[in-house]
Amino acid sequence: MSNVTIPDRRRSFDRPFVLHMFTPGKQMSPFDINMAADAGYQLLPTYSEVTLANVAGLTQDAIFSRGPKGVGRTAIFIGGRDVMLAADMMDAARRAMVPPFVVSVMADPSGSFTTAAALIACVERQLEKLHGIDLKGKRVTILGGAGTVGRIAGVLAHRVGAHVRLSSHLGLDAAKRAADETNARFASGCEGVSGADARAVCDSIADADVVLGCAAAGVQVLSAADRAGAKQLLVAADINAVPPMGLEGVGVIDSGKLLSAPGGGYSQTVGIGALAIGNVKYQTQHRLLTQMHRAGSDGEPVNLSFVEALTMAREFLAESAA
């Protein structure tokens, strides 16, 4: 009988990197799936209509089935459209883990965490570049502030010392309700203001240093003429890339461009458009997913939310400016 060595496949087999993707919606976003694949994840099982009560069980099924070594190549992504629910689901997943069965978790519902982080980082960059100042003490009005991106942008702006107003087109009561809910969940201090009509919008931006357009795609929330009433306005940033622009006069590729004033000439206000913000958002999400993937190899799980997203967005902009 010949002496033949049979390779031990159990020893040579590399466990695949698996990212379990939870969403309370009917389907996971193809955008997030593509981003995760490009970050290096090999298997991307998605779980739809996940409730908060389901998270612990799904998490434990995901971690206990891989063993202490395989668990390092396992991670969880939380999507959906509700920022408060996503934060709660992230907390539930972390509570369900039992050392050494601990994996990385990232939340980015409807892309809101990375988009809001990119938005605030871009505003910070322009304030520093043009005026040598930051957001501390600045008055920030967020049009569409009751939405997913608006709420998180408000939380981030408040955390760096800005005075934040969340505006809603549904009126003062809706705005106050959104501000109260957001403040209670994320320990922020945002104020609710009405954006029910042009007069209310003008009142809310009259003394603003920064205006953020976070309304639904294709909805204009501020005309150039009304913007002219904001005499102290330094930065106007808009995440809407679908015509008409949310903030009239802010082009989608603008990145610190001086905005024209009604009647000719230029104002002191610079614009930041949706594609300029979107590039930073894309890079931020890719880098966070890549960080989580690498953490699987290093054996040090990470938890990634909007705070970490802002740090990453700032790092990308600093590198781009170097």
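**Close-up views of a predicted model**

**View 1. Ser168 and its contacts.** Leaving aside neighbours within four places in sequence, Ser168 is in contact with Ala146, Ala174, Ala175, Val193, Ser194, Gly195 and Ala196. The model shown here and in every other view is predicted. Ser168 sits in strand S6, which covers residues 163-168. Is Ser168 buried or exposed? Its relative accessible area is 4%, so Ser168 is buried.

View 2. A search of the whole structure finds four aromatic pairs. In one of them, the rings of Phe22 and Tyr47 have centres 5.4 Å apart. Their planes meet at 85°, so this pair is edge-to-face. The cut-off for that label is an angle over 60 degrees. Phe22 belongs to strand S1 (residues 18-22), and Tyr47 belongs to strand S2 (residues 46-47). The pair therefore ties together parts that are 25 residues apart in sequence. Phe22 has 0% relative accessibility, so it counts as buried. Tyr47 has 25%, so it counts as partly exposed.

View 3. The rings of Phe64 and Phe101 have their centres 5.2 Å apart. Which kind of pair do Phe64 and Phe101 make? Their planes are at 80°, so the pair is edge-to-face. Phe64 lies in helix H3 (residues 55-64). Phe101 lies in the loop between helix H5 (83-95) and strand S4 (104-107). The two residues are 37 apart, and their pair links distant parts of the chain. Phe64 counts as partly exposed because its relative accessibility is 41%.

View 4. Phe113, Phe186 and Phe306 form one aromatic cluster. Ser305 is in the loop between strand S12 (303-304) and helix H12 (306-321). Apart from neighbours within four places in sequence, Ser305 is in contact with Met90, Ala107 and Phe113. Phe113 is one of the cluster members. With 17% relative accessibility, Ser305 counts as buried. The cut-off for buried is under 20%.

**View 5. The largest pocket.** This pocket has a volume of about 710 Å³. It is lined by 29 residues, and the closest to its centre are Ser110, Gly111, Thr115, Val149 and Ile239. Which element gives the most to the lining? H11 does, with six residues. The lining residues divide into 13 nonpolar, 13 polar and three charged.

**View 6. Ser110, beside the pocket centre.** Ser110 is among the lining residues closest to the centre of the largest pocket. Find Ser110 in the loop between S4 and H6. Its phi is positive, about 55°, although Ser110 is not a glycine. Its relative accessible area is 33%, so Ser110 is partly exposed.

View 7. Phi of Ala187 is near 55°, a positive value in a residue other than glycine. Ala187 lies in the loop between helix H8 (172-186) and strand S7 (191-194). Is Ala187 buried or exposed? Ala187 is exposed, because its relative accessible area is 68%.

**View 8. The nonpolar cores.** In soluble globular proteins, nonpolar side chains tend to be buried together. The largest nonpolar core here has 80 residues. Leu19, Val123, Leu212 and Met292 touch the most other members. Helix H6 (residues 112-131) supplies the largest share of this core, ten residues. Now focus on Val123. Not counting residues up to four places away in sequence, Val123 touches Leu135, Val210, Leu212, Val235, Ala237 and Ile272. A second, separate core has twelve residues, including Val211, Leu233, Val250 and Leu259.

**View 9. Two cis peptide bonds.** The peptide bond from Pro99 to Pro100 is cis, and its omega is near 10°. Pro100 is in the loop between H5 and S4. The peptide bond from Pro243 to Pro244 is also cis, with omega near -5°. Where is Pro244 found? Pro244 is in the loop between strand S9 (235-238) and strand S10 (255-260).

Methods: Residues are numbered from 1 along each chain as its sequence is written. This is a predicted model: local features need pLDDT of at least 70, side-chain atom pairs count only at pLDDT 80 or more; totals for chains, interfaces and linings use all residues. Side-chain values use heavy atoms; hydrogens and water are left out. Rings of Phe, Tyr and Trp (its six-membered ring) pair if their centres lie within 6.5 Å; planes under 30 degrees apart count as stacked, over 60 as edge-to-face and the rest as tilted. Helices (H or I, at least four residues) and strands (E, at least two) are DSSP runs, numbered from the N terminus. Buried means under 20% relative accessible area, exposed over 50%, partly exposed in between (1.4 Å probe, protein chains only). Contact means heavy atoms within 4.5 Å. On a 1 Å grid over the protein atoms alone, a cavity is a set of points where a 1.4 Å probe fits but cannot get out, and a pocket is an open set with protein on both sides within 12 Å along at least five of seven lines; lining residues have an atom within 4 Å of a point. Grid points are joined across faces, edges and corners, and a volume is the space filled by probe spheres set on the points. Ala, Val, Leu, Ile, Met, Phe, Trp, Tyr, Cys and Pro count as nonpolar, Asp, Glu, Lys and Arg as charged, and the others, Gly among them, as polar. A nonpolar core is a set of buried Ala, Val, Leu, Ile, Met, Phe, Trp, Tyr and Cys residues joined through side-chain atoms within 4.5 Å.
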